[in-house]
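Hi there,

Here is the structure I promised to pass on to you. Have a look at it first, and then read on for my notes.

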Amino acid sequence: MIDLLPSQVERWQKVEAFARDHFRRANLGEIRTPLLEHTELFARGIGEATEVVGKEMYSFFDRGNRSCTLRPEGTASVVRSVIQNGLLSQGSQRLWYMGPMFRYERPQAGRQRQFHQIGVEFFGLSSEISDAELISIAWDFLNELGLRDLKLEINSLGTTDDRKKYQESLVSWLENFSELLDEHVLEQIKKNPLRILDSKKPNIQELLNEAPKLVDFLSNQSRNRFLNLQVILNSLGIPFTINTKLVRGLDYYCHTAFEITSSQLGAQATVCGGGRYDGLVEQLGGPKTPAIGWAIGLERLLILLGEDAFEKQFPEVYIVNKGPKAELESLTLARDLRASNFFVEIDYSGSAFSKQFKRANRSNASWAVVIGDEELKQEEIRLKRLKGKTKDPNEYLVKRSDFNQIIERLRS
Ligand code: ATP
Ligand code: MG
């Protein structure tokens, strides 16, 4: 788990602010759920057979001997919350969340044990157009942030029935190759055969190129739904490719599944993963409710944005001063200026003015405010323009009591 230091947090805050603004414009409501849930929620909501629940959860017993888990993802908690708080009886819900998630994984570039996700979930909407809107919110968010080389891949998982037929065919096809498969894969095939499509092993992926494809097992209705989504994405001008191996290995997932990847991320290429999960709300004890969502990994997003995308924020005013009285006066002035929305830094070094001015210039502040002995005596302050010196005059002596004039000058 990593610390985020001030220079990094500045970048995070910009992405977070951008997300808030983007989601507000899409009229999504923010939901904040606890970091800790009953382990059972994830066991039921993500599934015992998944890597996340099987191997990656931070679970422990609390003092009341209840099994608790630090959330490994957001969807299960959001579903619990909308059920528990009765939101589903208030019409469709379009929600977003942002925050830390915890998974016991092997840390590497783009993979941490505490990482952060931004996610969006729609409840009570079942049409292809709602799928397209949900996808477009992720696509536009990433593009407006300035990410390039993004690839949207989509697939359809059809209905439970479609998948049952496909699964039988896939398993019997794979049986022809059982001597090529290791024990782990054979075990997977027994427990949850669809998950093998997701395998990261190159030899398995190669083999699967020849395997039966889920799209060929979709009912007419499912196929039409998938085609319709493609028509809508085309008319929105959102480019995509179909990846027939894109799956979510759990029963409550259906129809639309998608991922947004970037070739610049290396092995951890997925920035955004999402899909439709019409069965989950009911599975967790709520009313039958169609739902679809996605989650973006913020660390990976920030890797993609690089350093260049961020302009550093500079103080507007740097206060140069000397001696205890001038320091106190500096702090008083800083508080007044900050209350008027200025970004103010104070030099407490007590060093020679020439050194303080050097630091003021290095800070990239627009103005230096000087409070020296003479200024103190006259109850004045001196304003020196550091940036944009083509303007004239570049220096003012202003009465400390005339705050309006101070502000007016600093804004000039
Ligand atoms: P991966 O295949 O990379 O393990 P996943 O399928 O486990 O991803 P999801 O559960 O769909 O990922 O989570 C959505 C997004 O969250 C991912 O696409 C990724 O950007 C991010 N993410 C997931 N796990 C981690 C992690 N351990 N560290 C950083 N980001 C992560
Ligand atoms: Mg994972």
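I will begin with the ligand. Please keep in mind throughout that this is a predicted model. An oxygen atom of ligand 1 sits 3.3 Å from a polar backbone atom of Gly 297. Val 271 also contributes through its backbone, with an N or O atom 3.3 Å from an oxygen atom of ligand 1. Arg 111 uses its side chain instead: one of its N or O atoms is 2.9 Å from a ligand oxygen. On its own, ligand 1 would expose 580 Å², and the protein buries 81% of that area.

Which elements give two or more residues to the shell around ligand 1? They are strand E6 (114–123), strand E10 (270–276) and strand E11 (291–297). In total, 13 residues surround the ligand, and the closest are Arg 103, Glu 105, Arg 111, Gln 112 and Thr 270. By residue class, the shell splits into 5 charged, 5 polar and 3 nonpolar.

For E1, the partner is strand E5 (residues 93–102): the two run parallel and are joined by 2 bridges. If you want to find this pairing on screen, look for Glu 30, whose bridge partner in E5 is Trp 96.

The loops on either side of E1 are worth a look too. Asn 27 is in the loop between helix H1 (6–25) and E1. Its phi is near 55 degrees, which is a positive value in a residue other than glycine. Most residues other than glycine have a negative phi. Asn 27 counts as exposed because its relative accessibility is 62%, and the cut-off for that class is over 50%. Thr 33 lies in the loop between E1 and strand E2 (36–38). With a relative accessibility of 13%, Thr 33 counts as buried. The side chain of Thr 33 makes a polar contact, at 3.5 Å, with the side chain of Arg 71.

Now for the overall layout. The protein chain is divided into domain 1 (6–158 + 218–305) and domain 2 (317–410). How many Å separate the centres of domain 1 and domain 2? Taken over C-alpha atoms, the separation is 49 Å.

I also have some notes on the later part of the chain. Tyr 318 lies in strand E12 (residues 317–321). Is Tyr 318 buried or exposed? Tyr 318 is buried, because its relative accessible area is 3%. The C-alpha atoms of Tyr 318 and Asn 361 are 8.8 Å apart, while 43 residues separate the two along the chain. Asn 341 is another residue with a positive phi, about 80 degrees, although it is not a glycine. Its place is the loop between helix H12 (324–339) and strand E13 (344–346). At 69% relative accessibility, Asn 341 counts as exposed.

Do write back with any questions once you have had a look.

Best wishes

Note on methods
Residues are numbered from 1 along each chain as its sequence is written. Chains are lettered from A and ligands numbered from 1 in the order in which they are written. This is a predicted model: local features need pLDDT of at least 70, side-chain atom pairs count only at pLDDT 80 or more; totals for chains, interfaces and linings use all residues. Side-chain values use heavy atoms; hydrogens and water are left out. A residue is near a molecule or strand if one of its heavy atoms lies within 4 Å of it. A polar contact is a pair of N or O atoms within 3.5 Å; within protein, one must be able to donate a hydrogen and the other to accept it, and residues adjacent in sequence count only if both atoms are side-chain atoms. Accessible areas come from the Shrake-Rupley method with a 1.4 Å probe; for residues, only the protein chains shown count as cover. Helices (H or I, at least four residues) and strands (E, at least two) are DSSP runs, numbered from the N terminus. Ala, Val, Leu, Ile, Met, Phe, Trp, Tyr, Cys and Pro count as nonpolar, Asp, Glu, Lys and Arg as charged, and the others, Gly among them, as polar. Domain bounds come from an automatic or database domain assignment. Two strands pair if DSSP finds at least two bridges between them. Buried means under 20% relative accessible area, exposed over 50%, partly exposed in between (1.4 Å probe, protein chains only).
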